[in-house]
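Please view the sequence and structure first.

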Amino acid sequence: QETLNYIGEKRKHMDGVLGDFEKRLFSPEGKAHFGQLPPLLAEFWRAGEANIALIQEGKKEEAFAYLVDTTIPKRNELLKVLREGAAIQSTGLRNDIGRVEDQVVTASALVAGAAAVIAVLMLGFSAWVASQLRRRVALAQELAEKVRDGDLTANVVDTTRDEFSPLLGAMGQMQAALSRVVTTVRQNAEGVATASAQIAQGNQ
């Protein structure tokens with residue numbers, strides 16, 4: 001009876017292990033292959049129970065012959081299917097890992113390509129910004145040099161709206177103010193000269 005209880009516990013444990021194994025199957029091939037296990041396991045337990053019954057009846061020679069002819073082959077057949085199932089799962093796992101690695105490589109290539117495109121765009125944008133800054137600085141410098149040289153006739157035409165617009169606007173206003181001052185001084189100087197000439201003629 002103790003032996004039967006031991007076998008019953010082992011059978012219960014093995015059924016639980018197979019149940020957990022079935023839950024962890026992830027490939028269609030593995031799930032289809034697992035369908036072979038329950039009938040083989042049932043046959044193995046029936047053979048084992050028959051073997052034990054022969055031993056309990058005292059038929060040791062028949063029990064040994066049944067063990068060699070039936071129970072052990074049933075066990076070997078069950079183990080063979082279990083090994084095949086493990087191989088199927090292992091192959092499926094390797095294939096999944098390979099697909100994941102391929103996806104990682106593809107994603108890495110896409111990221112690298114996107115980074116290269118962004119870098120080229122940033123370089124192009126930086127070059128454009130630099131050229132715009134050089135043009136605006138040159139315009140401001142040209143206007144300042146004309147004012148320095150006394151040329152107050154140049155008009156400031158600024159169609160661009162950026163950080164340099166207030167500077168160019170202020171320089172244009174300064175140029176106009178200087179032009180008005182120069183015009184006023186010239187007119188006053190001419191008036192003084194005319195009045196001086198008239199006074200000089202009147203004293204003769």
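Predicted model: local features only at pLDDT ≥ 70, side-chain atom pairs only at ≥ 80, totals over all residues.

Residues are numbered from 1 along each chain as its sequence is written, and side-chain values use heavy atoms, with hydrogens and water left out.

**Largest pocket**
- The largest pocket holds about 180 Å³ of space.
- A pocket is an open set of points on a 1 Å grid over the protein atoms alone, where a 1.4 Å probe fits, with protein on both sides within 12 Å along at least five of seven lines; lining residues have an atom within 4 Å of a point.
- Eight lining residues come from α3, the largest share.
- Both α3 (37-56) and α4 (60-148) supply at least two lining residues; helices are DSSP runs (H or I, at least four residues) numbered from the N terminus.
- Among the lining residues are Ile7, Phe44, Trp45, Asn51 and Thr71.

**Largest nonpolar core**
- Nine residues form this core, including Leu18, Phe34, Phe44, Trp45 and Val81.
- Such a core joins buried Ala, Val, Leu, Ile, Met, Phe, Trp, Tyr and Cys residues through side-chain atoms within 4.5 Å.
- α3 gives the most to this core, with five residues.

**Thr71**
- Thr71 sits in helix α4.
- Thr71 is buried, at 8% relative accessible area (buried means under 20%, with a 1.4 Å probe and protein chains only).
- The side chains of Thr71 and Asn51 make a polar contact of 2.7 Å (a pair of N or O atoms within 3.5 Å, one able to donate a hydrogen and the other to accept it).

Technical notes. Points joined across faces, edges and corners; volume = space filled by probe spheres on them. Buried < 20%, exposed > 50% of the residue type's maximum accessible area, 1.4 Å probe, protein only.
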